[in-house]
Structures are given as C-alpha cells and as structure tokens.
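User: Please take a close look at a single part of this model. I would like a connected account of how its elements are arranged.

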Amino acid sequence: MSAATAAVRTALLSPPFTELSYSLPDYLPPEAFFVGQRVVVPLGKSRRAGVISAFERQAAGAESFTLKPLIWPLDREPLLSPAYLDLARTLAGRHADELGRILGSILPAGLRTPAPRLLFFTEDGTTNLVPADLARLPEDRLRALGDLWMAGRAEVRRPGAGPLDALLYSPASDPPWPVRPAAKARLAVLEFLLEKGSASRRTLLNALGKKAGATLTALTREGLVRAAPADPANLVDASGGPFRECLPAASDDDTCFILTQRQREIADELLCATGQGAQIRLLFGVTGSGKTALYLETARAVLASGRSVLLLAPEVALALKLHDTAEAALPPGLPPPDRRHLFHGYLGAASKERTFRLLAGDKSGRPRLLTGTRSALLLPLENIGLIVMDEEHDASFKQDEGFINYQAKEVAWYRANREGALLLLGSATPDLKSFYAARQGRIPLHTLTERFGAGLPEARLVPLSPGKDNSLLAPDSVAALNEVVRRGEQAVILLNRRGYAPVVYCRDCGKTLRCPQCDISLAYHKGREKLVCHYCGRSTVFPSPCPSCGNLHFLPLGEGTEKLEENLETLLPPGAGVLRLDRDSTRRPGRVEAILSAFARKEAAVLVGTQMLSKGHHFPDVTLAVIADADLGLNLPDYRAAERTFQLILQASGRSGRGGKSGQVLIQTRDPRHYCWDYVIRADYEGFFERELELRRRRLYPPFTRLALIRISHEAGLIEGAEAATALGRSMRQKAKDLGIIMLGPAPAPLPLLKGRVRRHCLLKGDDWQSFRLLYKFAVETAKGGALTLRLDLDPVNML
C-alpha cells in the first residue's frame with residue numbers, strides 16, 4: 001500500500017460499533033497494517049479497539065477535513081482472515097447490524113480490549129506502555145518505538161494478568177452455608193461467587209468493593225471458598241476448564257462401535273457425500289439407535305482425508321460427553337492430542353482467547369477436531385470437511401441473548417458451503433422445519449428405526465388429581481419408583497421447573513410476592529434462603545416482610561426440583577439416594593460432571609432434574625423415566641409449544657431402557673386428552689409431524705411462511721415511551737403493507753415487563769428475509785433519538 005492510500009476503514013468493537021475512517025500514523029510504515037488486524041484508535045477523548053476492515057483512498061475534496069491517525073496495531077499479522085471477516089459481514093447483513101457489533105460479540109473478551117500492555121525491548125531494558133501513554137510521547141520517541149515494532153522487538157500482552165487474576169474462586173459447597181444470617185459481608189461474597197460460578201479476586205473487588213478482599217481471604221482460609229489457577233497450562237487442550245472433574249468413564253457401548261448393516265449403509269452414503277462439495281444431511285434416529293457411532297465413523301474418515309471436523313452439542317454437559325466419547329473412539333493420532341480441542345462458554349477468558357489465537361494462526365492446513373457448543377462454530381477453524389450438529393432441534397442452538405441473535409444451523413450451513421463440507425444434522429425428534437425440508441427433498445434423509453438393547457421403553461399416562469395431597473408425584477409414580485429401587489435399578493424424573501416453589505403467597509393480604517422489575521412471581525429457593533426472579537436475577541432474603549402488608553405469614557405454592565428432591569427422601573426407602581441436576585445445583589464449576597459421574601457409579605437411585613437431563617445421557621441401569629409435570633410449556637403463547645413439549649418428553653423418555661433391561665415411562669398430566677400424548681406414548685414422531693404440520697398450514701406458521709419479531713421496549717413509567725411505541729406502530733403498518741408483510745402488533749409481549757422495561761412485539765410474516773430487514777431499518781430510522789429500543793429477531797425461537 002502506498003502512502004497515498006494511507007487510510008483505513010476500522011470497525012469499532014465497542015459502542016457505537018460503527019465503521020470509521022482513520023489515517024495511518026507517521027511513526028509506522030504502511031506495511032505494518034493489514035485488513036483483519038486489530039488496532040487501537042481514538043474516539044473523542046477515549047480509545048477503542050477496532051478491526052481494520054478495508055484500506056481506503058481519500059476521495060476528491062477530502063482536503064476539507066483531516067482524518068485522525070490510528071494509535072497502534074495490536075497484531076503483527078492479521079488476526080482475522082478474509083473468510084472470517086466475510087462470515088462476520090454476512091451475520092451483520094442478515095441481522096441489519098454493524099460489523100463492529102458482530103465482531104464485538106463473537107471475539108473473546110481479551111481480544112476486544114483497547115488497553116493492552118505494549119512492551120518494547122531495547123539494549124537498556126524493557127519499556128512498558130499502554131496506548132494512552134503514546135499520546136504523550138514526542139514524535140522522535142514514537143518513531144523509535146515504531147522501529148522497534150518493525151524490527152520484531154516489541155510485543156502486545158493482555159492487561160490485568162496480575163496477582164488479582166491468577167486464581168478463580170468458587171464456593172466449596174452449595175447453600176445453605178455455615179454462616180450466621182447477620183454476616184452480610186460473607187453471604188454477599190458467597191452469593192456472588194455462586195451466581196457467577198467462579199470469579200477472580202479482581203472481578204469480586206470490582207463488584208463488591210475493596211473490603212470484600214479480606215472477606216474472601218477469610219472464607220478461603222476456612223474452606224468455605226476454594227481457589228484454582230485461572231489459566232493452567234492445559235487449558236488450550238481438551239481439559240474442559242480449571243475445575244473439570246471426571247465424567248463417567250466411557251463405556252464399551254460408547255467406544256467400541258460395531259456398526260449394524262443399516263448403520264454401515266448410512267455410513268457409506270455419508271462418506272460418499274463428504275467428497276461431493278457442500279452437502280447437508282439429516283440423520284433421524286430413535287433414541288439409543290447409534291447416531292453417535294455414525295457421527296464418529298464419518299469424522300474418522302474425514303480426519304483421515306486431511307480435513308478438520310467440528311462436533312457441536314446444544315449444552316456443555318453433552319459437549320463434554322461427546323468429546324470424551326470421541327477421545328475414546330478415534331485412533332490416538334487422528335488427529336494428535338494437540339490438535340483436539342474442546343470449547344464452550346464455561347471456559348475461562350484466557351483459555352478462550354488462547355484457543356481463538358491458536359486456530360487463527362494455524363495456516364498449516366492439517367486437520368483438527370473441535371468439539372463444543374454453538375460458540376465453537378464462530379472460532380476461526382479452517383479446512384473444515386464435516387460439521388455435526390447433534391440434537392439439531394434444540395433451542396439452545398439459537399443465540400437470542402446479548403448483542404446479536406443467530407441460528408447456529410444457518411451459520412453452520414454458511415461455513416459448510418464456504419468450505420465445501422458436509423453438514424450432518426442429527427436428532428430423534430428433528431426440528432419440524434428440518435424434517436419438512438427432508439420430506440420435500442431439499443435435504444437427503446437417513447433413518448435409524450431400531451434401538452440397541454431392549455427396544456423403546458413402554459410409555460403410559462398418569463392423570464394427576466390436583467388438591468389431593470402436597471406431592472407432585474402420583475401414587476402410581478411413587479409405587480413404580482419404589483419398585484425400581486427395590487430391584488437395584490435407577491430412575492430419572494424430569495421437572496422443568498427449578499427452585500423449591502415457583503410462587504409464594506402471603507396469607508394475610510392474599511398477594512403473591514413479585515419481582516418489581518419484571519412483575520413476575522418470585523421463586524423460593526430454600527437452600528439459598530432467597531426469593532429469586534428467574535428472568536432478571538434479582539433476589540431478596542426470605543423470609544422478609546411482605547412489601548404489601550408488612551407481615552411474615554407466607555405459603556410457598558407449587559413444586560420445583562428442590563422440593564421434589566426433598567420429598568423423595570421420605571417417599572423412597574432409606575439410603576436410596578437422590579441427586580438433582582439443574583441450574584442451581586450445577587453453578588459451581590465441575591458440578592455437572594460430578595453429579596453425572598456419581599449417578600453413573602450408582603451412588604443414588606434417582607436423578608431429578610430439568611431439561612438438562614433429557615438429552616444424550618446414557619445410564620444402562622435406568623429403567624424408569626417419570627415426567628413429573630408434562631403440561632409445563634404445553635400452553636405457552638408460542639406456536640412451537642406442542643412441538644417443544646413432544647421433543648422434550650420423547651427425549652427424556654429415551655433415558656429409560658438404554659441397557660439390556662426393558663424401560664418404562666410415566667407421563668403425569670392434568671390434560672390426558674391433549675392430542676400430543678397419543679404420539680408421545682407411541683413414540684410416533686412422524687404422526688406428530690403430520691398433525692402439527694397441518695395446524696401450521698392452516699394458521700400460516702413456519703414452514704409455510706417466514707417469521708420475525710421486532711422487539712420494542714422502553715423504560716417502565718415513561719409516558720412518552722408508550723406514546724412513541726403507538727406512533728411507531730402506525731408508521732410501520734403502512735410500510736409493512738408496502739413491503740408485502742403481514743404485521744401483527746405492536747402488542748404487549750407475553751412477558752410485558754422485564755428488567756424494568758416495558759416490552760412490545762411486532763410479529764412479522766412474509767416470504768423473504770430482506771423485506772423484514774427493510775422494515776426494521778425503517779423502524780430504527782423512524783424511532784432514532786427517541787425513548788425506544790428496537791431489536792430484530794429473525795426466525796425467533798423465544799416468543800416470550
């Protein structure tokens with residue numbers, strides 16, 4: 001690049017996330033800069049990290065203004081390849097958003113900082129600076145530092161890598177803790193660590209103040225808090241994180257795959273597809289039919305051909321299990337251990353950054369095996385030959401929180417298409433849209449109808465009779481559980497509602513205790529002695545005076561997993577043992593693995609849990625699955641409600657009878673006549689598919705239309721916010737009509753108040769995504785500078 005073109009377009013990685021033009025500094029030559037390189041740039045009186053997205057020539061008339069020079073490069077070579085920038089641009093275009101916001105959302109936190117340490121090595125020693133220091137240096141000094149950079153005698157280091165960040169702290173046990181109620185400082189530290197899972201001392205001090213440091217030290221000394229290295233040397237490999245405890249050892253069923261004739265036929269078809277450019281396949285197999293064996297057989301062949309493989313699971317526990325199964329089943333050198341990686345959201349920041357850098361810097365083309373959750377899909381892995389999405393129907397593959405919304409299946413297909421790879425979707429209960437595409441011939445379908453072992457479990461309904469007793473479990477279910485325990489076998493109980501009680505009722509004033517930020521009932525968590533909002537996280541000590549009448553006469557109503565676990569201790573024979581797997585019991589690092597490992601070792605006869613236990617787990621001695629409250633979710637204001645309920649219950653049912661013993665499934669319901677149950681009992685996915693498809697055809701829902709939500713919100717109590725939303729709706733309706741969009745709303749969202757913001761939804765139906773983007777851009781321009789915040793969600797998964 002010549003000096004005449006010494007200007008660059010830079011995407012900011014923090015608000016306002018826009019792309020701005022900067023000149024190149026005089027103290028560094030143009031060849032020090034590249035597209036895809038991170039840089040520090042000035043913005044007003046602050047400094048921001050950005051990524052160079054393009055080189056620019058100054059346009060005619062540019063003499064009338066002067067570009068500010070960027071400050072310093074943060075990479076010697078481009079961190080992001082052209083292909084990776086294209087991926088980010090595609091996401092930005094799809095979601096009508098800025099490139100900077102996309103990059104700022106998907107890059108690890110350590111790669112977005114504008115204040116790294118700059119080290120320059122001279123004969124006199126080391127000069128340690130931050131970008132802010134450069135503004136105070138004279139020109140000759142800056143040129144000298146530029147010469148050191150170009151000579152390779154300088155480096156960039158992450159900030160904050162000091163004693164305050166060396167250890168991660170977490171509670172040594174779940175609540176209640178042996179701490180006096182009046183010891184508020186201690187409880188605050190323990191609650192903070194429990195909520196975060198683990199945190200560094202720096203993070204804790206920033207949140208709770210400097211005095212929390214002494215409290216943390218005391219709690220650690222007394223054994224109530226434990227510490228572990230924040231960045232052990234093995235974090236880049238498949239260790240799973242600094243606190244990872246061993247999963248159950250992979251069984252012979254997991255690792256010694258001997259394919260059946262049908263599996264071999266499908267494997268041959270998949271292997272043929274891997275050599276035919278970009279392909280997509282749907283593997284539809286009943287639970288326990290050996291889908292994982294086909295994943296790994298295909299992965300083995302692709303790795304042997306010299307191409308990389310990406311294995312994705314919807315949840316961390318499933319990703320860990322899939323990784324361990326692959327570790328045991330694949331030949332040791334295919335690929336070597338240093339080219340096998342595990343990536344998920346629970347890893348530390350330094351580990352995420354190191355893995356990202358490692359993959360971004362690998363230009364060898366040698367194959368790698370990467371296993372993880374949806375975030376692994378956004379790593380700069382190259383030379384991909386196979387992408388597997390296990391449990392492809394799962395809603396966790398849709399990112400609907402944070403700055404951006406993206407559907408992992410769409411990103412996976414984009415990457416497969418760019419790499420000429422095979423995208424293999426697998427499920428016992430495929431997404432209805434995926435199966436419809438297969439039925440239409442757009443996706444080749446492979447089917448496994450036979451289960452290994454004793455066949456599919458026998459399922460039956462158990463009608464619930466409200467009000468007869470305080471237990472959620474019906475007498476038939478209790479009897480079946482006791483019989484399983486008597487035989488020395490195991491059972492799982494699904495209750496997709498955590499906490500002790502979902503509602504707390506004041507006996508004196510008759511009101512339920514509600515979150516003031518969300519207007520939703522607070523859930524009672526007995527172990528924590530807290531009332532918790534499951535939407536914004538707000539918590540209060542319980543019991544505390546009723547905010548309406550000031551009294552302390554409460555009645556917890558309903559039953560969550562915590563209460564069910566407590567009740568089972570009295571319903572089962574002494575010593576039977578009960579474990580609980582939900583978000584509350586697994587907040588501490590390593591607890592997911594520890595609970596699953598203990599259950600696999602038969603330290604407990606019963607495992608109670610939320611949907612975390614419904615998929616992917618293999619326990620040969622489980623012969624009974626109880627769906628404690630099957631109606632949960634069935635009547636939500638969501639067109640997918642029946643589909644999700646069917647998928648969840650059929651997946652949970654599949655945990656029973658996976659060994660050589662026959663299994664049983666008891667489905668407790670208050671509405672035994674609902675059409676969904678007939679198909680669940682027969683495990684008839686295709687029958688359910690046909691029934692649900694017809695309902696959607698009549699009501700014009702996907703796959704017969706495309707759907708989007710424009711979410712509109714404003715601060716609660718802001719009168720002009722409500723007026724602005726009404727006015728915006730009037731403007732949008734005419735624009736939607738011009739674009740051929742069916743627009744419903746704006747109407748109050750099913751959860752109309754969350755986190756102190758009033759929420760409204762515009763539901764859009766149409767034939768193409770671009771028209772939705774145009775309407776969204778029109779709405780953003782119309783509402784600019786006002787009280788409203790707008791977000792676009794294409795193909796929404798969460799309708800609440």
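**The sheet and its helices**

Analyst: Phenylalanine 343 stands opposite glycine 372, a residue of β15. The model is predicted, so local features need pLDDT of at least 70 and side-chain atom pairs pLDDT 80 or more, while totals for chains, interfaces and linings use all residues. Residues are numbered from 1 along each chain as its sequence is written, and side-chain values use heavy atoms, without hydrogens or water.

Strand β15 covers residues 369-372, and its parallel pairing with β14 runs over four bridges; pairing requires at least two DSSP bridges. Strands (E, at least two residues) and helices (H or I, at least four) are DSSP runs numbered from the N terminus.

These two strands belong to an open sheet of seven strands with parallel pairing, in the order β14-β15-β13-β16-β19-β12-β20. Its edges are formed by β14 (340-343) and β20 (445-448), each of which pairs on one side only. From one strand to the next, the twist averages 15°.

Helix α10, residues 291-304, packs on this sheet and touches β12 (279-285), β13 (308-312), β16 (384-390), β19 (422-427) and β20. Contact here means heavy atoms within 4.5 Å. The direction of α10 makes about 170° with that of β16; axes are fitted to C-alpha atoms, for helices over the stretch in contact, with angles from 0 to 180 degrees between N-to-C directions.

Helix α13, residues 408-419, also packs on the sheet, touching β12, β16 and β19. The angle between the direction of α13 and that of β16 is about 165°.
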